[in-house]
Amino acid sequence: STSSIDTKSFLRWAYKRQMRVEGGFQGRSNKLVDGCYSFWQGSLYPLLDRCEINPHRYTTTAHSNSIQVSNLFGSGNGGWCFDQYALQEYLLACCQYDQGGLIDKPKKRPDFYHTCYCLSGLSVAQHNPHYLSEEERICVLGVSENLLEETDPVYNISIKNVSKAIQYFSKLENPSQWKSNKI
């Protein structure tokens, strides 16, 4: 349970991490925007929704073919409560390296870490909650080819791979049930 979190204050802090001019997120106050925080800060909204705000809307049964997810603090159009288009614009315009890969900010070099988390943050910004209508679920800046596969904010892998992992591991024997002579 996250009952010790002052959710309202935490969300106010998280909301202020998205910079108005750049559109990207900073990791903490008085720091520059960094592309990796598109995931670390952007995924806070679906994570809080899953744990604190709407846990009843989430199911992760091992026998389902997909993970059902929900929304956190939908705005008038049903998205997360940060500017999803501004974040996508920052990532697409400022974080792509001309020779491949993604970077934390202009004039930096790409690396695997920032490429991973910039792509994951872009996915979070593009996908609204599952309970919305199909047309409201997708939030893509620019052409439809910009759309990425949806990333699970807990595991940072695709939703379908989370489902496969849950199905696989649910079939394994629970180690806590092993007898001491089996170890």
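Mentor: Contact here means heavy atoms within 4.5 Å. Keep in mind that this is a predicted model.

Trainee: Which residues is F82 in contact with, leaving aside its neighbours within four places in sequence?
Mentor: Start by placing F82. It sits in the loop between α3 and α4. F82 is buried. With sequence neighbours within four places set aside, its contacts are Q18, F25, G42, Y45, L87 and A125.

Trainee: What share of the residues of the chain count as buried?
Mentor: A residue is buried when its relative accessible area is under 20%. The chain has 183 residues. Of these, the buried share is 43%.

Trainee: Which elements give two or more residues to the largest nonpolar core?
Mentor: That core has 19 residues. Those with the most contacts inside it include Y45, F82 and L87. The elements that give two or more residues are α1, α3 (44-53), α4 (84-94) and α5 (112-126).

Trainee: What covers the buried residues of α3?
Mentor: First, name the residues. The buried ones in α3 are L44, Y45, P46, L48, D49 and R50. Their cover includes α1, α2 and α5.

Trainee: Are F10 and W13 buried or partly exposed?
Mentor: Buried would need under 20%, and exposed over 50%. F10 has 27% relative accessibility. W13 has 33%. Both values fall between the limits, so F10 and W13 are partly exposed.

Trainee: Why is the pair of Y45 and F82 called tilted?
Mentor: Y45 is in helix α3 and F82 in the loop between α3 and α4, 37 residues apart. Their ring centres are 5.3 Å apart. The planes stand at 35°, so the pair is tilted.

Trainee: Which residues form one aromatic cluster?
Mentor: The structure holds 8 aromatic pairs. One cluster is formed by F39, W40, Y113 and Y117.

Trainee: Which residue meets R137 in a salt bridge?
Mentor: R137 lies in helix α6. At a relative accessible area of 10%, R137 is buried. Its contacts beyond four places in sequence include Q126, H127 and P129. The salt bridge, at 3.0 Å from N to O, is with E150.

Trainee: How far apart are the closest N and O atoms of K105 and D104?
Mentor: Side chains of opposite charge can pair when their charged atoms come close. Here K105 and D104 are both buried. They form a salt bridge, and the closest N and O atoms are 3.1 Å apart.

Trainee: Where do E149 and K160 lie?
Mentor: Their side chains meet in a salt bridge, at 3.8 Å from N to O. E149 is partly exposed at 48%. K160 is also partly exposed, at 48%. The pair links distant parts of the chain: E149 is in the loop between α6 and α7, and K160 is in helix α7.

Trainee: What is the phi of N30?
Mentor: Most residues other than glycine have a negative phi. N30 lies in the loop between α1 (7-15) and α2 (37-40). It is exposed, at 79% relative accessible area. Its phi is positive, near 65°.

Trainee: Is N156 buried or exposed?
Mentor: N156 has a positive phi too, of about 55°. N156 lies in the loop between α6 (134-137) and α7 (159-170). Its relative accessibility is 17%, so it counts as buried.

Key. Residues numbered from 1 in each chain as written. Predicted model: local features only at pLDDT ≥ 70, side-chain atom pairs only at ≥ 80, totals over all residues. Heavy atoms only, no water. Helix = DSSP H or I, 4+ residues; strand = E, 2+ residues; numbered from the N terminus. Buried < 20%, exposed > 50% of the residue type's maximum accessible area, 1.4 Å probe, protein only. Salt bridge = Lys/Arg side-chain N within 4 Å of Asp/Glu carboxyl O. Core = buried A, V, L, I, M, F, W, Y, C linked by side-chain atoms within 4.5 Å. Phe/Tyr/Trp six-rings, centres within 6.5 Å; stacked < 30°, edge-to-face > 60°.
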